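Me: I've got a structure open and a few things to ask. Can you walk me through it in short answers?

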Amino acid sequence: MNDQYRASPKDGIAWVTGASSGIGRGTVLELARRGYTVIATARRLPELQTLVDEAGPLAGRVIAAIGDVTDALGMEQLVARLEQEYGEIVLAFLNAGIYFPLRAQPFDAAGFRKTFDVNVYGTINGLAALLPRMAERGRGQIALNASVAGYGGLPRAAAYSGSKAALIAMAESLKFDTDLLGLTLQIVNPGFVETPLTALNDHPMPFLMTLDEASRRICDGFEKGGFEITFPKRLALILKALNMLPYSVYFSLIAKATGWTGKAD
Ligand SMILES: NC(=O)c1ccc[n+]([C@@H]2O[C@H](COP(=O)([O-])OP(=O)(O)OC[C@H]3O[C@@H](n4cnc5c(N)ncnc54)[C@H](OP(=O)(O)O)[C@@H]3O)[C@@H](O)[C@H]2O)c1
């Protein structure tokens, strides 16, 4: 693992998807603080523009561009244009994701599709745009934002947990190849972080972390390397351990920890 590629602002630029709010926004600012030229993409341009303004005094620079991760061709064209204008993308954080509660009754198949479209296929579209270019150059670092919710199914999160579990398994599998290509592939599994996505949660969120702290941990993980970036460690370890227990114990402990009562929302 010592010869694993670690991106640096000297080598090229960084790209973060889902950068108009929350973890994406925080990570863009932290990367700019560490000297990167960062391309910040999302669908809402006004939010990206305030991010560019906020990054003004930082060591690096932020460039805003509109990008919907569900548009496969759009992602490919965006990456081609960005590399032509600003140079090689050496670090990409495929972060865009959505969450809304989904349960068995009523079963909202469209909600499942929407979640998988953004969280899974949106990430795949980013990978499809980046991997051939990075593979040809033999260098590049890509991190996918999954979640500790992908370790196992959580209540009200059938689509979300499922989509994040897909990302984790996908990254584990791809790593065998990316290692051979000289690329660094990482999976980011945050616990609860204070963002607009979690602001609406009315269930307990143990070890809730501030956005600034989470953004620092993510960027430290980019610099340190290794496959998984996860925090808070205590929560990740507890959830990993729960997943090794018999299901009867798993379901009852998860219900207790998340305040699950089974009542209608
Ligand atoms: N907050 C947490 O506790 C937590 C924990 C674990 C993992 N995560 C993961 O972290 C990532 C960011 O979540 P967050 O909490 O920061 O949520 P957030 O504040 O709601 O941010 C979500 C970002 O995704 C973007 N996005 C949504 N649909 C998109 C699309 N079709 N194309 C491009 N961008 C799109 C949004 O931008 P636009 O609407 O402008 O497009 C926004 O910038 C997600 O993948 C989430 O699953 C969050």
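Me: Where does Pro-232 lie?
Reply: Pro-232 lies in the loop between strand 7 and helix 8 (233-242). Helices (H or I, at least four residues) and strands (E, at least two) are DSSP runs, numbered from the N terminus. The peptide bond from Phe-231 to Pro-232 is cis, with omega near -15 degrees.

Me: Before we go on, what kind of model is this?
Reply: It is a predicted model, where local features need pLDDT of at least 70, side-chain atom pairs count only at pLDDT 80 or more, and totals for chains, interfaces and linings use all residues. Residues are numbered from 1 along each chain as its sequence is written.

Me: Back to prolines. What joins Gln-105 and Pro-106?
Reply: A cis peptide bond, with omega about 0 degrees. Pro-106 is in the loop between strand 4 (89-94) and helix 4 (109-137). Asp-108 is found in that loop too, between strand 4 and helix 4.

Me: Which residues have a positive phi although they are not glycine?
Reply: Arg-156 is one of them, at about 65 degrees. Phe-207 is another, at about 60 degrees. Arg-156 is in the loop between strand 5 (141-145) and helix 5 (158-181). Phe-207 is in the loop between helix 6 (196-199) and helix 7 (211-224). Arg-156 has 17 C-beta neighbours inside 10 Å, so it counts as partly exposed. Phe-207 has 13, so it counts as partly exposed as well.

Me: Zooming out, how many helices and strands are there?
Reply: Nine helices and seven strands. The radius of gyration is 18 Å, close to the 18 Å that the globule rule gives for 265 residues, so the chain is as compact as a globular protein of that length. That radius is taken over C-alpha atoms, and the rule is 2.2 Å times the number of residues to the power 0.38. Buried residues make up 40% of the 265.

Me: What about the ligand? How many residues surround it?
Reply: 32 residues do, and the closest are Gly-18, Gly-22, Arg-43, Gly-97 and Leu-197. A residue is near a molecule if its C-beta atom, placed from the backbone, lies within 6 Å of it.

Me: Which helices supply residues to that shell?
Reply: Helix 1 (22-33), helix 4 and helix 6 each supply at least two.

Me: So helix 1 is one of those. How many of its residues are buried?
Reply: Helix 1 is mostly covered, with 11 of its 12 residues buried. Among them are Gly-22, Arg-25, Val-28 and Leu-31. Just after helix 1, Gly-35 takes a positive phi of about 100 degrees.

Me: What does Val-28 contact?
Reply: Leaving aside neighbours within four places in sequence, Val-28 is in contact with Val-16, Ala-19, Val-38, Ala-40, Leu-51 and Val-62. Contact means C-beta atoms, placed from the backbone, within 7 Å.

Me: Which residues touch the most other members of the largest nonpolar core?
Reply: Val-28, Val-38, Ala-40 and Leu-144 do, in a core of 56 residues. Strand 4 gives the most to this core, with six residues. Apart from it lies another core, of 11 residues, including Tyr-99 and Tyr-151. A nonpolar core is a set of buried Ala, Val, Leu, Ile, Met, Phe, Trp, Tyr and Cys residues joined through C-beta atoms within 7 Å.

Me: Last one, helix 7. What do its buried residues pack against?
Reply: They pack against helix 1, strand 4, strand 5, strand 6 (184-190) and strand 7 (228-231). Those buried residues are Ala-214, Ser-215, Arg-217, Ile-218, Cys-219 and Phe-222. Gly-225 follows helix 7, with a positive phi near 85 degrees.

Technical notes
Buried ≥ 20, exposed ≤ 12 C-beta atoms within 10 Å, placed from the backbone. Expected span 1.5 Å × (residues − 1). Contact = placed C-beta atoms within 7 Å.
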